[in-house]
Amino acid sequence: MEQTASLSTSTVFTKEDDQRYQQLTGLYIDGKTDAAQDIEFQKLRQKKIASRAEREECIAQLVKEITEKNISFAELIQAGLQVPEIAELYSDSEILKTAKALGVTPSVKSAAVSQPKMGGKKREVKGYIKSINNPDEAGVWRAGPPSFFRDEGGLDAYDQGQSIDKWLVDPKDELSKIKLLKNLARKFAKEPNPEQLGDIAPEAYAK
């Protein structure tokens, strides 16, 4: 059987990275990180996202190999397939199951795994709370909320049980949203309602 080309990966989110990320996540949500920890947290977060993207590409590539050759994962290993670290604990059934959950099809290109594009100049928004009147203005909750958040009715909106998503730089960023909601919950001594939580699971908010 012809030897299968090795798959390689350049971004691995290690156990040590994950442990540190979990530590910083708790501090970040509670607003207790300093400037250096903020930078470290964001770097680890980007590394985790990049590692997840590479893992998905590796899984897709392995599924393609298995599908095209109509052999088992074990046989591919015997044929010389070198499995990247981020996929080494997956059996063939787990790979197929995971790929199905990711919506991956065997038609995905079998190119070598490449690092997700992170380059290029990108405007960095300094903060996770943005002004709805001036989207280029953003800030963070330190001793209190940014003045624009208060002036634009953000505090009143939360107190009245309304969603505060429109003041978030990225409403889909669960960590930032939880961080803002926890600050508001402490200020008003009441927890967010289901509408304010949105897609955030109560368990995730309670961590």
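Okay, let's start with aspartate 17: its relative accessibility is 13%, so it counts as buried (buried means under 20% relative accessible area, exposed over 50%, partly exposed in between, with a 1.4 Å probe and protein chains only). Before I go on, a word on the model: it's predicted, so local features need pLDDT of at least 70 and side-chain atom pairs count only at pLDDT 80 or more, while totals for chains, interfaces and linings use all residues. Residues are numbered from 1 along each chain as its sequence is written, and side-chain values use heavy atoms, with hydrogens and water left out.

So, which residue does aspartate 17 form a salt bridge with? That's lysine 47, and the closest N and O atoms sit 2.7 Å apart. By salt bridge I mean a side-chain nitrogen of Lys or Arg within 4 Å of a carboxyl oxygen of Asp or Glu. Aspartate 17 lies in helix H1, residues 15-29, and lysine 47 in helix H2, residues 35-69, so this pair ties together parts that are 30 residues apart in sequence. Helices here are DSSP runs of H or I with at least four residues, strands are E runs of at least two, and both are numbered from the N terminus. Lysine 47 comes out as partly exposed, at 31% relative accessibility.

How many salt bridges does the structure hold? There are 6, and I'll show you another couple.

Next up is aspartate 38 with arginine 142, where the closest N and O atoms are 3.7 Å apart. This one links distant parts of the chain, 104 residues apart: aspartate 38 is in helix H2, and arginine 142 is in the loop between strand S2 (138-139) and helix H5 (147-151). Buried or exposed? Aspartate 38 is buried, with a relative accessible area of 18%, whereas arginine 142 is exposed at 53%.

Then there's arginine 45, which forms a salt bridge with aspartate 173, closest N and O atoms 2.9 Å apart. Again, distant parts of the chain get linked: arginine 45 is in helix H2 and aspartate 173 is in the loop between helix H6 (154-159) and helix H7 (174-188), 128 residues apart. Arginine 45 counts as buried at 19% relative accessibility, and aspartate 173 is buried too, with a relative accessible area of 10%.

What else does arginine 45 touch? Leaving aside neighbours within four places in sequence, arginine 45 is in contact with Tyr21, Asp173 and Leu175, contact meaning heavy atoms within 4.5 Å. That's my lot, over to you.
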